[in-house]
Amino acid sequence: MNVKYNDKILIVDDEPDIALILKLHLEDAGYITAWAQDGKKALAMLKDGDYSLVLLDIRMPRLGGVEVLRCIRESGSDVAVIMMTAHGSENLAVECMKSGAIDYFPKPFALDDMLPRVERAIAYRRALLEKQRLEREKDDFVSMLSHDLKNPITAVVGSIDIMREGRLGPINGEQAEYLQSAIESCNEVVAMIDNLLDIHRIEAGKMQMNIRGHNPADIIKSIAAKFDKVAEHEQLKLTVNLAEDLPAVQVDRNAFTRIIANLLGNAVKFTPEGGEIIIDCRSSLAEAMQENRIPDYVAFPVGFNEHRQLLSIYIRDTGSGIPEEDLRHIFERFYQSRSFERGGAGLGLAYCKMAVEKMGGVIWAESELGVGSTFNILFPCQDEVATK
Ligand SMILES: Nc1ncnc2c1ncn2[C@@H]1O[C@H](COP(=O)(O)OP(=O)(O)OP(=O)(O)O)[C@@H](O)[C@H]1O
Ligand SMILES: [Mg+2]
């Protein structure tokens, strides 16, 4: 006998002749089979046995196939189910597929129709289990990243900072310079882990955002203040232009901060010494936005067009620039445009796009090679002027 994968199949049918024919054919094809004469017995056998597939008759006394299918799905079992239908009950079989059956075949069955269906159902279940295993592995990896990697790096930054400030004894300018570089590199790794964690959370629908009205000027000023030291270290000029009376913007404060920090981080990374970075924030009426050349590949979130007032932020640099054909791809995960030598994982912009869209905004980039890049964000905002 040719046993393929040791897959066990439970045949559930009250007609012994049909069950026997199925059993012979399936065992001939290399499967292990068992037979349950009715639905109740089938449910009891499924509890103990480790079956890959159930061939389930729809019409049975005591407990019918539809009911058995419902019990199997409610139990959380991952066993695949194929319904066996008598002539005329095809509609019922289609209903069963909506309730979690993988396939159905009519009785009496044709061997060259039944066997491929069984094989497909078992292969499908195997692929599903593998996918679930990989998802679990990804979850474990992500939580390992956050606890086992991020926490020690944060502690390292704290210790280096104490040394850099001279609190453990005097240090010279060159030493301070090296310690500052070490802190910046650690911060890059922490930001990368944060991006990965948040992308994972947003994709899994587990990202809780606390979206409230915030004064954008306050947040931008405090991020820019943190980047002053980095820009100075890289000999870049950082200019912040904030319009007066900016309206409150409806965002999650933490996500908004991380978006701007990612964009400023990129601007610093891709702009050579002596360059300039400008961050500009103003409000615009939505009608005036048509003038803005928003590329056609930018998707607008539902309801975006209903806002009268928008907050427009751009971060412009005089850096290396991005080739035209890459502009639509740089927001994809792990996409890097000719920049592998600059380090990074290619996750920052993917996080920015997901987070901006989750807060109802849009983001896109414009660039000219060798001249610089501009990252634009539009957020819907409240009509009144921000007060807090
Ligand atoms: N200001 C910029 N100037 C030039 N190229 C940029 C700029 N910002 C982003 N890019 C390009 O887009 C790519 C994707 O950016 P993203 O922030 O997603 O990744 P990264 O910075 O390479 O890595 P990470 O953000 O994960 O540390 C970059 O690798 C780079 O090629
Ligand atoms: Mg980046």
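Predicted model: local features only at pLDDT ≥ 70, side-chain atom pairs only at ≥ 80, totals over all residues.
Residues are numbered from 1 along each chain as its sequence is written, and chains are lettered from A and ligands numbered from 1 in the order in which they are written.

Helices (H or I, at least four residues) and strands (E, at least two) are DSSP runs, numbered from the N terminus. Five strands form an open sheet in the order β2-β1-β3-β4-β5, with parallel pairing; two strands pair if DSSP finds at least two bridges between them. Because β2 (32-36) and β5 (103-106) stand at the edges with a single partner strand each, one side of each has no neighbour in the sheet. From one strand to the next, the twist averages 20°. Strand β4 (residues 80-85) runs parallel to β5 and is joined to it by 4 bridges; T85 has P106 of β5 as its bridge partner.

Two helices lie across these strands. Helix α4 (residues 90-98) lies across β4 and β5, at about 170° to β4, and helix α5 (residues 111-164) lies across β3 (53-57), β4 and β5, at about 155° to β4. Here axes are lines fitted to C-alpha atoms, for helices over the stretch in contact, and angles run from 0 to 180 degrees between N-to-C directions. Contact requires C-beta atoms, placed from the backbone, to lie within 7 Å.

Next come the helix pairs. Helix α7 (residues 216-233) packs with α8 at an angle of about 30°, their axes 10 Å apart, and the two are therefore roughly parallel (angles under 35 degrees count as roughly parallel, over 145 as roughly antiparallel, 65 to 115 as roughly perpendicular and the rest as oblique). Their contact has 11 nonpolar, 1 polar and 1 charged residues. Ala, Val, Leu, Ile, Met, Phe, Trp, Tyr, Cys and Pro count as nonpolar, Asp, Glu, Lys and Arg as charged, and the others, Gly among them, as polar. The axes of α6 (residues 173-203) and α9 (residues 348-358) come within 9 Å and cross at roughly 40°, so this pair is oblique.
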